[in-house]
Structure formats: structure tokens, C-alpha cells
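This report concerns strand pairing and salt bridges in one protein model. Please consult the sequence and structure shown here while reading.

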Amino acid sequence: MTDMIKFDHPCSEGVIEKRRSQFTMAVAIGGETVLCHCPTTGRIGNIDLAGRPCLLSPSCDPGRKTRHTVEAVSLDRPEDDPKRWIGINQNAANRYVEHYLRGGGFEDMVGKGEVRREVLLGGSKLDFLVGDTYVEVKTPLQDIQLDIPGWVRTKKVAPFSSTDRFVRHITELAGSLESHQKAVLLVDFIYDNPGFRVITHSTHYEEVKDAVERAKERGVEIWQANFEITAEGVSLRKHFPIDVRKRW
């Protein structure tokens, strides 16, 4: 897949000094420390972000308090060139998926049809309805599913506990099959994840596992998509069906 989603302006590179809050990071850019927007409120694996290289997109909004958004981080060292990037902008993930849904990049997964955003189903608002297929997108960052180099510091993290929304969405995806032909849970990563697996159990692990197994039995398909992010933009590299029941 070569059709890149190009950023309006190429990203610049910096080095994270500290994650100040859920929404901000202090980043060293050209000898200056700049407060930047962090687009994910949750944790980013178990890595200590201090010292990690990052990609920064500029903001064109003169009223915004932060001049940049941290789009990606790297497990490589600041002096390494080239670097491999892990996209962390969960807010932008659906925009990337939509681009390729509309352009036919996921045609083998959902077929052809009108692409609609944020469609009500039961008590939830699911991400997409493509023709007769509901698609819900999840972009997990609780575990970075790559080998962590020795120079990257890690930290102990608490089990993830916010699973209610996921259980509700996958249950309603399964329910949609009573009147629709197909339903897809798309687990996407803005890096080259070799294959999704559950590494750290949440506090509601058994409930989540049961909900996924019931959904699979009713016919919900689970796919994985890997995107690649660079300073210039984002590209869909591969997507494939997975049996998450074998990855617990």
C-alpha cells in the first residue's frame, strides 16, 4: 500500500524530557524545552518516555497553548538514523482508517459501499458503517508489542481497568449481525506490530475474554491493521484477520 496520507507540514523531531500530565509533554527541540500536546490520555506501554525521540506536528491555531502535537515516539536512540516510529495519536487513528476505507484499501475486509462515520447502534456510537458492515476501531497502547531495547527504561504499571466501553461495543457489534451481514473489530497499530496478543491482563480480564469469545461465536470478525508513520505522513502497510482467542 503506497498511498500515503501526507501531513499538511512535515513533522520535526525532538526528544521527550518528561510527560507533564495526561495531555502534555515537555520536549527538547533545538536546545529549547517546549510544552507539547500529548494526544493520548492513557499510558504508552510501560516505557519511561524521558529521553525518547519523538515526531512533532506543528499547530496552525494561534489560540492553542501548545505549538506542537507529539505524533510518535521511538525506541531508538536520539542519534540513531533512521528511526522506527510508534504512532501515539489515537485521536487521528480513525481518520487514517477512514482514508483507506474510502480509497479501497480495506475492500477485502469490508467490501464496497458507502462509508458513514459514528453510526448509532443500540446504546453505542460505532466508528463506521460501510455498506452493510459495522466497523469498530481500537488502537491499543497499553502494551507496546515490540522488543524493548536495553537502553530504554521501563516502569511498573497498574493493570488496565477501563474496559466497559470495549465490552459494550463488541457486544453490540455481535448484536448487529441479527440484521446485518458482517461486523468487524479492527485492532490497529501505528507501527509494525508483528501480531496482536494480550500481554498484560486487565482487572476485568475474564469479562473481556468472555465478551470477545461470545462475539466470535456469533460471527464478529477481528482484523489487525499496521500503519507506518514517518515525518511526511502515514501509510497502511498491511492488514489481516486474526483469531484473538489464540492470543490470550
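This is a predicted model: local features need pLDDT of at least 70, side-chain atom pairs count only at pLDDT 80 or more; totals for chains, interfaces and linings use all residues.

## Strand pairing around E13

Strand E13, residues 233-241, is joined by two bridges to strand E1, residues 5-6, and the two strands run antiparallel. Within this pairing, Ile 5 has Val 234 as its bridge partner in E13.

E13 also pairs with strand E12, residues 221-229, in the antiparallel sense, over seven bridges. Here Trp 223 stands opposite Pro 241. Three residues lie between E12 and E13, which form a hairpin.

## Salt bridges across the chain

The model contains eleven salt bridges. One of them joins Asp 48 to Arg 153, with the closest N and O atoms 3.3 Å apart. Because Asp 48 lies in the loop between strands E4 and E5 and Arg 153 in the loop between strand E10 and helix H3, the pair ties together parts 105 residues apart in sequence. Asp 48 is partly exposed, at 25% relative accessible area, and Arg 153 is partly exposed at 49%.

A salt bridge also forms between Arg 218 and Glu 178, where the closest N and O atoms are 3.2 Å apart. Arg 218 belongs to helix H4 and Glu 178 to the loop between H3 and strand E11, so this contact ties together parts 40 residues apart in sequence. Arg 218 is partly exposed, at 44%, whereas Glu 178 is exposed, at 68%.

Lys 182 forms a salt bridge with Glu 221, the closest N and O atoms being 3.6 Å apart. This pair links strand E11 to strand E12, with 39 residues separating the partners. Glu 221 is partly exposed, at 27% relative accessibility.

Elsewhere, a network of salt bridges links Glu 98, Arg 102 and Arg 117.

Notes
Residues are numbered from 1 along each chain as its sequence is written. Side-chain values use heavy atoms; hydrogens and water are left out. Two strands pair if DSSP finds at least two bridges between them. Helices (H or I, at least four residues) and strands (E, at least two) are DSSP runs, numbered from the N terminus. A salt bridge is a side-chain nitrogen of Lys or Arg within 4 Å of a carboxyl oxygen of Asp or Glu. Buried means under 20% relative accessible area, exposed over 50%, partly exposed in between (1.4 Å probe, protein chains only).
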